[in-house]
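This report concerns one predicted protein model, shown below with its sequence.

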Amino acid sequence: MAQDKLTQLKAMTTVVADTGDLEAIRRFQPQDATTNPSLILQAAQSPERRARLAEIARHCTDIDDALDTVAVEIGSEIAALVPGYVSTEVSARLSFDTQATLDRARQLIDRYERHGVGRERILIKVAATWEGIRAAQQLEREGIHTNLTLLFSFAQAQACADAGVTLISPFVGRILDWHQAREPDADFAGDQDPGVRSVRRIYEHYKGQGYKTVVMGASFRNVGEIEALAGCDKLTISPALLEQLAADAGPLPRRLAPVDDAETSAGEPLDEAEFRWALNEDAMATEKLAEGIRKFMADQRKLEALLAELRR
């Protein structure tokens, strides 16, 4: 009997659920799960969480305390369902503040450990700004694993690998969105998808240079993007696209694979000026990074407003 594409994908790539939906996680049985402010907002608004959300709002010292309590409680529930990592994001408001990011990340890890979830199970998600990457570098030295998100450019990927982060989440669909808005009649299917090409370039560079940082493609718009990256270290996929993969019994060939002859030296790391210049030269990455931070903050503010209302 032919295997469905989700089963085939799991044989060559670690499948990660991009959701805070516990039922979806139970159904698709991913290795890891990722969350972000938008997904935490969705999960927190479920009717069965309403009473607990009100209790958190009333008993926490401030909104930041309440936000982290909600994120860690949901993350701890997810950790009980997956054998691998759970990603929890530091507030996007801190994307340009290295010290504040460090402080918040350590607090999140402390909260998880009080819930009985060890730091080895958690990936602290940080936006791949210069400040975020510097914070991640220090966290890794302290034994706290990191996931650098909102990654749209090769320069971001290079700086993350140089910093020794555990994992990066290069976005696919949002890169496609940017190009489609400017070239609506262009053919971006399959290997022509600019988001797919970006992840493939990063993956091949990492493997060719012997970097240990894990590449986890993220932000997919269709199953074609996922299929074009089959074999990538990890892929984080929404429940809707997991459903489509599980329903398709067609063949799924491997598209990415590690190389056997990695170089021993990756060259000199980017300094701050070089990083900022390279990012500035990439209009798509500059715009999508800024937009992504704003969108995550917009959803965080919605959750803050809900908690403030319940606190009254």
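The text below treats salt bridges, a helix pair, backbone angles and cysteines in turn.

The model is predicted, so that local features need pLDDT of at least 70 and side-chain atom pairs count only at pLDDT 80 or more, while totals for chains, interfaces and linings use all residues. Residues are numbered from 1 along each chain as its sequence is written, and side-chain values use heavy atoms, with hydrogens and water left out.

**Salt bridges**

Side chains of opposite charge can pair when their charged atoms come close. The structure holds 26 salt bridges, a salt bridge being a side-chain nitrogen of Lys or Arg within 4 Å of a carboxyl oxygen of Asp or Glu. The table includes three of these pairs.

| Pair | Closest N to O distance |
|---|---|
| K5 and D248 | 3.0 Å |
| R106 and D103 | 3.6 Å |

The bridge between K5 and D248 links distant parts of the chain, 243 residues apart: K5 lies in helix 1 (residues 5–10), and D248 in the loop between helix 12 (239–246) and helix 13. Helices (H or I, at least four residues) and strands (E, at least two) are DSSP runs numbered from the N terminus. K5 counts as buried at 8% relative accessibility, whereas D248 is partly exposed at 29%. In these terms, buried means under 20% relative accessible area, exposed over 50%, and partly exposed in between (1.4 Å probe, protein chains only).

R106 and D103 both belong to helix 6 (residues 98–114), where they are three residues apart, about one turn of the helix. R106 is partly exposed, with a relative accessible area of 28%, and D103 is also partly exposed, at 32%.

D191 is partly exposed at 34% relative accessibility, as is R255 at 37%. Salt bridges with shared partners also join K5, E227 and D248 into one network.

**A helix pair**

Two packed helices are described by the angle between their axes and the distance between the axes. The axes of helix 8 (residues 154–163) and helix 13 (residues 272–281) come within 8 Å and cross at roughly 155°. Axes are lines fitted to C-alpha atoms, for helices over the stretch in contact, with angles running from 0 to 180 degrees between N-to-C directions. Helix 8 and helix 13 are therefore roughly antiparallel to each other, a term for angles over 145 degrees. In helix 8, A155, Q156 and A159 meet F275, A278 and L279 of helix 13, contact meaning heavy atoms within 4.5 Å. The residues of this contact divide into five nonpolar, one polar and no charged. Here Ala, Val, Leu, Ile, Met, Phe, Trp, Tyr, Cys and Pro count as nonpolar, Asp, Glu, Lys and Arg as charged, and the others, Gly among them, as polar.

**Positive phi angles**

Q29, a residue other than glycine, has a positive phi near 50°. Q29 sits in the loop between helix 2 (22–28) and strand 2 (32–34) and is exposed, with a relative accessible area of 61%. L150 likewise has a positive phi near 50°; L150 is found in strand 5 (residues 146–151) and is buried, at 1%.

**Cysteines**

A search of the whole structure finds zero disulfides, a disulfide being a pair of cysteine sulfur atoms within 2.5 Å. For C160, the nearest cysteine sulfur is that of C232, 14 Å away, too far for a bond. C160 is buried at 0% relative accessibility, and C232 is buried at 0%.

Methods. Angles under 35 degrees count as roughly parallel, over 145 as roughly antiparallel, 65 to 115 as roughly perpendicular and the rest as oblique.
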